[in-house]
Amino acid sequence: MTNSEQTERTVPVDDDEPEELSVSWAELFFDLVFVFAVTEVTQLLRLDQGLVGVGHAAVAFVPIYWVWVGTCIYANTHGLSSNSDRIGLFAIGLGGMFMALAVPGAYGERGAFFGASYLAIRLILLYMIWRAGKMPKVSFVVGACISGPLLLIGGFLPTPVRFALWAVAALADLSNPALARKVLATARFVPGHLAERFGGFLIIALGESIVDIGAPVAAGTAALGPAKVLAVAAAFVLAAGLWWVYYGYAAGAVQHALSYKDARNDIIRTVLSYGHLVFIGAIIAVSVGMYVAVDDPGQPLTGRNLYLLFGGTALYLATFGYNRWRMFHTWSVTRLAAAVVVLALIPAAAHMSALIALCGLGVVIGAVNVTEYVLVRLGATSTGPRQAQPE
């Protein structure tokens, strides 16, 4: 962080800080439900990669993600040390499993099941918050009394009306942290636990990309040709590069920014709740593009697949610019420039084989990581020391 940035923030204060909290085994078990949920949302997008399909997948994913966020906030502010808390967590996990099962038919016969599962989860969370009494309930009331009923009612309506009603429910959930900003400022969060949990969800999304790299190849029984082997290698290098972009520097910067009490609640709201939703959505888009590219590496990607792969990568990179601005009020020049380069490559990539397109993306992401490493090592970057370099 530069000297000017340091003067903008208050030195971290240790007084009245909540005790450190480790991610529990119960939370890791709970996350397995969302591994399945991300897979189902990815499959929903794979079946319809047009604008309507993107909208359907996004509107279905927001309540799933918001279930995870709400449960993460509860665990962070209350802990999960009692058996009743763990039972509540597993009950929410079962509801999340039901939501994931409903995703393939969310805009068909399973819409009511999707909405009912979400409403049940929000009621469980509200009860757990009410019983514990350690955190303002207003943010959980929105899910139980507004977005939950909207999802349930929408599940009984025709698809176009259902989508519109569910979109309103998603907006209600997404606007909740901003509207309840002053109320949530009274909550006491454990920053390290939150940084680890949201970083963990990103791993879930990256795990889906690994599945989508291997699934189309593993499904066949024929001998593996060199083109598919190279495509798997190129896609894996790209996935590893996307991992490095976040965990090489960004994860540490998020935790560093959360250590400043005066900005913590804003960072939780903007960088964790919103920024990571975009990260995960971008990786889901990239995963769908990877699946198609590895399945037929010798052919050019079609328009929709091309935009998912390259557009998802560009969105992922650009979101670091948003996050860095929210945390440190500076721009991430390397990542924003790389996002522009990725978008500029789309017209040329339309005439290349999918294998070459994957290699091109891997080169861009690799160049970002190498450049940032060199800049940090030389100390010649305005983004400051290693811990603050990420975004």
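Is Asp85 buried or exposed? Asp85 is buried, because its relative accessible area is 8%, and the cut-off for buried is under 20%. One caution before I go on: this is a predicted model.

So what does Asp85 do with its side chain? It meets the side chain of Arg131 in a salt bridge, 2.8 Å from N to O. Asp85 sits in helix α4, residues 83–102, and Arg131 sits in helix α5, residues 111–132, so the bridge ties together parts 46 residues apart in sequence. Now look at the partner. Arg131 has 35% relative accessibility, so Arg131 counts as partly exposed.

How many salt bridges does a search of the whole structure find? Six. Here is another one. Asp212 pairs with Arg46, and their closest N and O atoms are 2.7 Å apart. This pair links distant parts of the chain. Asp212 belongs to helix α9, residues 191–218. Arg46 belongs to helix α2, residues 25–47.

Arg269 and Asp266 meet at 3.0 Å, N to O. Both lie in helix α11, three residues apart, which is about one turn of the helix. Arg269 is buried at 12% relative accessible area. Asp266 is partly exposed at 22%. There is also a network: Glu27, Asp31 and Arg197 are joined by salt bridges that share partners.

Now to helix packing. Take α11, residues 264–295, and α12, residues 303–328. Their axes are 7 Å apart, at an angle of about 160°. That makes α11 roughly antiparallel to α12, because the cut-off for that label is over 145 degrees. The crossing is left-handed. The contact residues divide into 19 nonpolar, eight polar and two charged.

Zoom in on Thr319, in helix α12. Thr319 has 5% relative accessibility, so Thr319 counts as buried. Which residues does Thr319 contact, leaving aside neighbours within four places in sequence? Gly275, Val278 and Phe279.

Last pair: α10, residues 226–258, with α15, residues 354–378. The angle here is about 30°, and the axes are 9 Å apart. These helices are therefore roughly parallel to each other. Their crossing is left-handed. The contact includes Ala227, Leu230 and Trp244 of α10, and Leu355, Ile365 and Tyr373 of α15. By type, the contact residues are 17 nonpolar, three polar and one charged.

Definitions and conventions: Residues numbered from 1 in each chain as written. Predicted model: local features only at pLDDT ≥ 70, side-chain atom pairs only at ≥ 80, totals over all residues. Heavy atoms only, no water. Axes fitted to C-alpha atoms, helices over the stretch in contact; angles between N-to-C directions. Helix = DSSP H or I, 4+ residues; strand = E, 2+ residues; numbered from the N terminus. Parallel < 35°, antiparallel > 145°, perpendicular 65-115°, else oblique. Left-handed = near helix turned anticlockwise from the far one by under 90°. Contact = heavy atoms within 4.5 Å. Nonpolar A, V, L, I, M, F, W, Y, C, P; charged D, E, K, R; others polar. Buried < 20%, exposed > 50% of the residue type's maximum accessible area, 1.4 Å probe, protein only. Salt bridge = Lys/Arg side-chain N within 4 Å of Asp/Glu carboxyl O.
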